[in-house]
Amino acid sequence: MSERAIEILEATRRFGTKVAVDGVSLSIHRGEVYGLIGPNGAGKTTTFSMMCGYLRPTRGTVRVMGVDPFVDGALKGKMGVLPQDAMLPGGWKVGPLLMYWARLSGLEAPEKEARTSLERVGLMEAWGVDTHALSHGMAKRAALAQALMGRPPLVLLDEPTAGLDPRIANQVRQVIREMKDQHTTVVVSSHNLQELEQLCDAAAILDRGKLAQAGTMAELTAQGAEFRVQVARGTVIIPELQALPGVTSARMEGETLLHIRFDGQAHRPEEVISRVVGHLLQTGVLILGVSQGRRLEERVLQLT
Ligand SMILES: Nc1ncnc2c1ncn2[C@@H]1O[C@H](COP(=O)(O)OP(=O)(O)OP(=O)(O)O)[C@@H](O)[C@H]1O
């Protein structure tokens, strides 16, 4: 069995003359929570649709759970999908609709699956409610419940928390964490970078159809190679810090934030942080805090 849940190789997708995704390669390990990041129009939903087997790449290959996603039925029982702006059909009550979908998916106990999934997303009260009478947040959770039925080993969620109130969004994040604990592979596309930073093991940053960067969250946030020191009082002597072993650059960001980069291959972060903090204290500088790496948001804002 392939260790990769998803493998995309040199995938390009055109819509007429528009190149929505341009030569993107990425691979997602089984059991990982993986983020798809990028500004509007970056190609996230197109990439997502290729992973689901909804859209064929114009060029390149996509393999999902070791199979070709474009072969009919190849992914049956292996994948759950929450599409962007999922619309529920009218004329149904939520519970019976989920049971109908469970039956279509060939699940053995449709009612039990439907009830369990609705419970997981905290929406049992909607069992007998008309789909048209649901609020946006409720409809989204009902669609999420559909994606979770049968506990597929791979779940793809396109903007699962967009438009949800903070409490419900938190509940959805909790569902994603539970899936991770059960070794489900989860792919999440979101504009909420703080959320992705908390949830994901790894991510791909797309920009204008191309892959800008892919890697573990630690790599994307450079956690191994830089940190910041919040200075409360005192004079920071930059040349002395630059001369410390392992430090490759030291500079002030504004009046009170000292930014240090170091050689993360040869030196462990705790060594360099202790050395820099020790030096600052010896020279009479008082410190408020130390934070490692950069925010994912900073990395994405660096896209030109
Ligand atoms: N069916 C289509 N026909 C024509 N162009 C399309 C189609 N689908 C997507 N595009 C274009 O491809 C590009 C990538 O779109 P996509 O929806 O994948 O981006 P996205 O990163 O998901 O954006 P957003 O964050 O706004 O949802 C955009 O320029 C979009 O206009």
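Begin by selecting residues 226–233, which form strand β10, together with residues 257–262, which form strand β12: in this predicted model the two strands run antiparallel and are joined by five bridges. Within this pair, pick out E226 and look across to β12, where R261 stands opposite.

Now widen the selection to the whole sheet that holds these strands, an open sheet of four strands in the order β11-β12-β10-β13, with antiparallel pairing. Colour β11 (247–253) and β13 (286–292) separately, since these two stand at the edges and each has a single partner strand, so that one side of each is left without a neighbour in the sheet. As you turn the view, follow the twist, which averages 20 degrees from one strand to the next.

The next stop is the ligand. Select the residues around it, which are F15, K18, A20, G38, N40, G41, A42, G43, K44, T45 and T46. If you colour this shell by class, you will find six polar residues, three nonpolar and two charged. Both β2 (18–29) and α1 (44–52) supply at least two residues of the shell, and the largest share, three residues, comes from α1.

Finally, zoom out to the whole chain, whose secondary structure comes to ten helices and 13 strands. The C-alpha trace spans about 70 × 45 × 35 Å along its principal axes, and buried residues make up 39% of the 304 residues in the chain. If you consider the contacts between residues at least 6 apart in sequence, 66% of them join residues at least 24 apart.

Technical notes. Residues are numbered from 1 along each chain as its sequence is written. This is a predicted model: local features need pLDDT of at least 70, side-chain atom pairs count only at pLDDT 80 or more; totals for chains, interfaces and linings use all residues. A residue is near a molecule or strand if its C-beta atom, placed from the backbone, lies within 6 Å of it. Ala, Val, Leu, Ile, Met, Phe, Trp, Tyr, Cys and Pro count as nonpolar, Asp, Glu, Lys and Arg as charged, and the others, Gly among them, as polar. Two strands pair if DSSP finds at least two bridges between them. Axes are lines fitted to C-alpha atoms, for helices over the stretch in contact, and angles run from 0 to 180 degrees between N-to-C directions. A residue is buried if 20 or more other C-beta atoms lie within 10 Å of its own, exposed if 12 or fewer, and partly exposed in between; C-beta atoms are placed from the backbone. Two residues are in contact if their C-beta atoms, placed from the backbone, lie within 7 Å.
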